[in-house]
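Me: I'm new to reading protein models, and I'd like to know what the labels rest on. Can we go through a few of them together?

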Amino acid sequence: MTKAPFVVIAEFDVEPARLDDFLAVARDDAAHSVADEPGCRQFEVIVLEGSSTVVFYEVYDDRAAFDAHLETPHLARFRDAFPALIRAEQRVRFGVLRGA
């Protein structure tokens, strides 16, 4: 039986005036994750309607693929940039994708 894909959901309350800056660094991380990481299946950057809340929806082959993501240069760039752009970061949530 194939393992269910590993899902990561991260949520950020972004300073409204810095939303474009945040989206630029978020999209860099997302694009490099999908392009450069064989275990990253999907990485969506979602802005919730009528707000400056941004949600990441990430899908990896498994937890090991996500753990590899944590060591990448593009995530390091994001981690360096985002604290100055947000009001708060919610607890990251993990799950599995069923029906895949």
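Predicted model: local features only at pLDDT ≥ 70, side-chain atom pairs only at ≥ 80, totals over all residues.

Me: Okay, where is Glu37 found?

Reply: Glu37 sits in the loop between α1 (19-36) and β2 (40-47).

Me: What makes Glu37 a residue without a salt bridge?

Reply: A salt bridge needs a side-chain nitrogen of Lys or Arg within 4 Å of a carboxyl oxygen of Asp or Glu. For Glu37, the nearest side chain of opposite charge is Arg77, and that one is 9.3 Å away.

Me: How many salt bridges does the rule give?

Reply: The count comes to 6. One of them joins Arg93 and Glu11.

Me: Why is the contact between Arg93 and Glu11 called a salt bridge?

Reply: Their closest N and O atoms are 3.2 Å apart. The limit is 4 Å, so the pair passes. This pair links distant parts of the chain: Arg93 is in strand β5 (residues 93-96) and Glu11 in strand β1 (residues 6-14), 82 residues apart.

Me: Why is Arg93 called partly exposed?

Reply: Partly exposed lies between under 20% (buried) and over 50% (exposed). Arg93 has 36% relative accessibility, so it counts as partly exposed. Glu11, with a relative accessible area of 22%, is partly exposed as well.

Me: How do you know that Arg41 and Asp61 form a salt bridge?

Reply: Look at the closest N and O atoms, which are 2.7 Å apart. The pair links distant parts of the chain, with Arg41 in strand β2 and Asp61 in the loop between β3 (53-60) and α2 (63-69), 20 residues apart. Since the cut-off is 4 Å, 2.7 Å qualifies. Arg41 is partly exposed at 46%, and Asp61 is partly exposed at 29%.

Me: What separates Asp67 and Arg63 along helix α2?

Reply: They are 4 residues apart in helix α2, so about one helical turn lies between them. Asp67 is partly exposed at 34%, and Arg63 is partly exposed at 40%.

Notes
Residues numbered from 1 in each chain as written. Heavy atoms only, no water. Helix = DSSP H or I, 4+ residues; strand = E, 2+ residues; numbered from the N terminus. Buried < 20%, exposed > 50% of the residue type's maximum accessible area, 1.4 Å probe, protein only. Lys, Arg positive; Asp, Glu negative; His and termini not counted.
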